[in-house]
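Here are a few exercises to work through with the structure on your screen. Take them in order and try each one before reading its solution.

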Amino acid sequence: MQTLHVDADTWMHRLSPRAKLLALAALGLLLFLAQSIQVLACANFVGAALYLRSGLPVAEALKRLRPILVSIAVLAIFAAIVGPLHAAIVTALRLTALALFAATVTATTSMAAFIDEITALAMPLETLGLLKAADIGLAIGLVIRFVPEILDRYRAIREAHQARGIKVRLATTLAPLIILTLRDADNIAAAIDARGIRRQ
């Protein structure tokens, strides 16, 4: 299974996962409070600079963000049609900056560190008897690990359709994508149970 983590030795890799997650949460709050296009544009510049220094080649860095950037563009166009242009630009800049900062944190933090940190942060909820902290860490870790797998499967299905001369449509790609994803989810669940990771 692939990972979004980049194996490099930058100052961002050396920061503690907790510091990065807390900084991301604080930045997310500030971004959604900001209404100035100039401020949000600066945030995008800083986010892009950090992301491109995470150890990824430029082409791979852009490839990773392409799906979410396309989604943000579609959302911004729709917002511009139904509402004020200023609000659409602010929304696009806000979401793009958040995506850049989140991608930087994901690229510079190993999956094991993510799971350990999220588990530690969820411990107060376990103390209250609301959930198992280890389950939360494992679930979020698996979601993050699944992202590149799902994107690669979609590309493979799309290329198979194109090779057969079949028009790529959501109706013809979604079903096989869901089936393949659920099959791998079953395999991972079986492996987790076999290793007793979630054993009471």
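**Exercise 1.** Work out what share of the contacts in the protein between residues at least 6 apart in sequence join residues at least 24 apart.

*Solution.* Start with the term: a contact means heavy atoms within 4.5 Å. Now take the pairs at least 6 apart in sequence; 71% of those contacts join residues at least 24 apart.

A note on what you're looking at: this is a predicted model, where local features need pLDDT of at least 70, side-chain atom pairs count only at pLDDT 80 or more, and totals for chains, interfaces and linings use all residues. Residues are numbered from 1 along each chain as its sequence is written, and side-chain values use heavy atoms, leaving out hydrogens and water.

**Exercise 2.** Check the length of helix 3 (residues 37–52) against its residue count.

*Solution.* Helices here are DSSP runs (H or I, at least four residues), numbered from the N terminus. The expected span is 1.5 Å times one less than the number of residues. For the 16 residues of helix 3 that gives 22 Å, and the end C-alpha atoms are 22 Å apart, so the two agree.

**Exercise 3.** Find which residues of helix 3 are buried, and what they pack against.

*Solution.* Buried means under 20% relative accessible area, exposed over 50%, and partly exposed in between (1.4 Å probe, protein chains only). Leu40, Ala43, Asn44, Gly47 and Tyr51 are the buried ones. On the face turned away sit the exposed Gln38, Cys42 and Phe45.

Notes:
Helices (H or I, at least four residues) and strands (E, at least two) are DSSP runs, numbered from the N terminus.
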